[in-house]
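Hi,

Here is the structure I promised to pass on. Have a look at it first, and my notes follow below.

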Amino acid sequence: MSESISTALAHAGDGQAEKALRQYRSVPEVQPVYMTSVFAFDDVKSVDDIYEGAADGYVYARMKHPNSDAAASALARADGAEAGLVFSSGMAAIILSIISAVGAGDHIVSSPVLYGGVRDYLENELKRFGVEVTFTDFSDPASVENAIRPNTKLVYTETISNPLLAVPDIPAIAEIAHRHGAAFFVDNTFASPIVAQPIRLGADLALYSATKYLGGHSDLVGGAATGSKEWIGRIQKKLTLYGATLGAAESWLLARSLRTLDLRVTRQSQNALKIAEFLENHPAVERVYYPGLASNRDHALASRLFRNGLYGGMLSADIRGGVEAATYVVDHLGFIKYVPSLAGTATSVSYPAKTSHRAYSKAELDKAGISLGQLRFSAGIEDADDILAQLDDALRGL
Ligand code: PLP
């Protein structure tokens, strides 16, 4: 059949080139970005087979696509989980996982110390759908058990809390949740699978803001969940329905970043320990919060739960002198930038009372243990001596 110019142009770069490539002996060293919204078929039966589970294949990129699958399966392997999913943000991962576990009339037991957006969702948004939430102290597994009711379907916490870096006893809480017939989800964003693997510690689902350590270069927004095939299958249905799949470009970036996750988080954790030890001995600092310090309340527990002798890249410190002193330090930290996020390759500082916890009153801040002089540091992969020199420089000016 002779082809007109418009027909030839309309097919530029279409999937036929991909089909031809399959005959070659070489494959790309790195998976390409599959910038396609949909997949093409030669016959009706192929689509029927995919929908009925008789054949593998992709149909429509809102469901899943080769790049989302590559990132999700690498993360699931790292977490020791059967399966995984990636989402357009951490919030999407968390909310779609929660609504896969609860419905009207159900009850959730949660730690009160959560990422602000998740706390807001649990406290204010879920009420509209008839789901009740009890916030209780997760440093004490008995208080979790006391908060459980017959209609409790979900127990929810973070592996390492923000900004005080508290560590809950995940295996003990998993045992309590399961004994009462509830699922147990853990937001593992601050730890990453390099420091903690919640599934191996008894949780049903590990959740992530992939925007943080998994992405790790401050250049993508994404989320992830790992768990059993059954849980991930349930959540996949919600993901497809609500349309929160991670796009091809971000999925590709995420898979690229996962290749260096172990190297980055190991170095960041080593640097965080050095920063914590340095700050603990600094006269301008009142108190340091880091589970890797022998003086920390959760040190023994974290040593038992965490991997490779690592305690993560995040730490906080109370600077003597309150707002004025903390503001002076942030303003004089040179290459350590004031960034209201975390986990990039560059060391950064955040000021919880002025960013993540800005909506808190003074009384609420006091209750949460967040001082006006408290700064939170995200250790990067720079030379540790340079980071310490920069910190010392700023603190000496006080
Ligand atoms: N969970 C934690 C612990 C976080 O720090 C964040 C974001 O800062 C989120 C969840 C939400 O993730 P995202 O901003 O990717 O939606």
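**Salt bridges, a strand and a loop**

Lys-362 and Asp-366 sit together in helix α15 (residues 362-368), 4 residues apart, or about one turn of the helix. Their side chains form a salt bridge, with the closest N and O atoms 2.7 Å apart. Lys-362 is partly exposed, at 47% relative accessibility, and Asp-366 is partly exposed too, at 46%. Keep in mind as you read on that this is a predicted model.

Lys-45, at 55% relative accessibility, counts as exposed.

Another salt bridge joins Arg-149 and Glu-132, whose closest N and O atoms are 3.0 Å apart. Arg-149 is in the loop between α7 (141-147) and β4 (152-158), while Glu-132 belongs to strand β3 (residues 132-135), so this pair ties together parts that lie 17 residues apart in sequence. Both ends are partly exposed: Arg-149 at 34% relative accessibility and Glu-132 at 44%.

The count of salt bridges comes to 14. There is also a network of them, linking Glu-145, Glu-175 and Arg-179.

Now to strand β1 (residues 83-87). Why call it largely enclosed by the rest of the structure? Because 5 of its 5 residues are buried. Ala-83, Leu-85 and Phe-87 point one way from β1, Gly-84 and Val-86 point the other way, and all are buried. β1 pairs with strand β7 (residues 223-227) in the antiparallel sense, over 5 bridges. Within β7, Thr-226 is the bridge partner of Gly-84.

Last one: Gln-197, in the loop between α9 (192-195) and β6 (205-209). Although it is a loop residue, Gln-197 is buried, with a relative accessible area of 8%. Which residues does Gln-197 contact, leaving aside its neighbours within four places in sequence? They are Ala-78, Asp-79 and Arg-307. With Arg-307 there is a polar contact of 3.3 Å between the side chains.

Cheers

How values were computed:
Residues numbered from 1 in each chain as written. Predicted model: local features only at pLDDT ≥ 70, side-chain atom pairs only at ≥ 80, totals over all residues. Heavy atoms only, no water. Buried < 20%, exposed > 50% of the residue type's maximum accessible area, 1.4 Å probe, protein only. Helix = DSSP H or I, 4+ residues; strand = E, 2+ residues; numbered from the N terminus. Pairing = 2+ DSSP bridges. Polar contact = N/O pair within 3.5 Å; in protein donor to acceptor, adjacent residues only side chain to side chain. Contact = heavy atoms within 4.5 Å. Salt bridge = Lys/Arg side-chain N within 4 Å of Asp/Glu carboxyl O.
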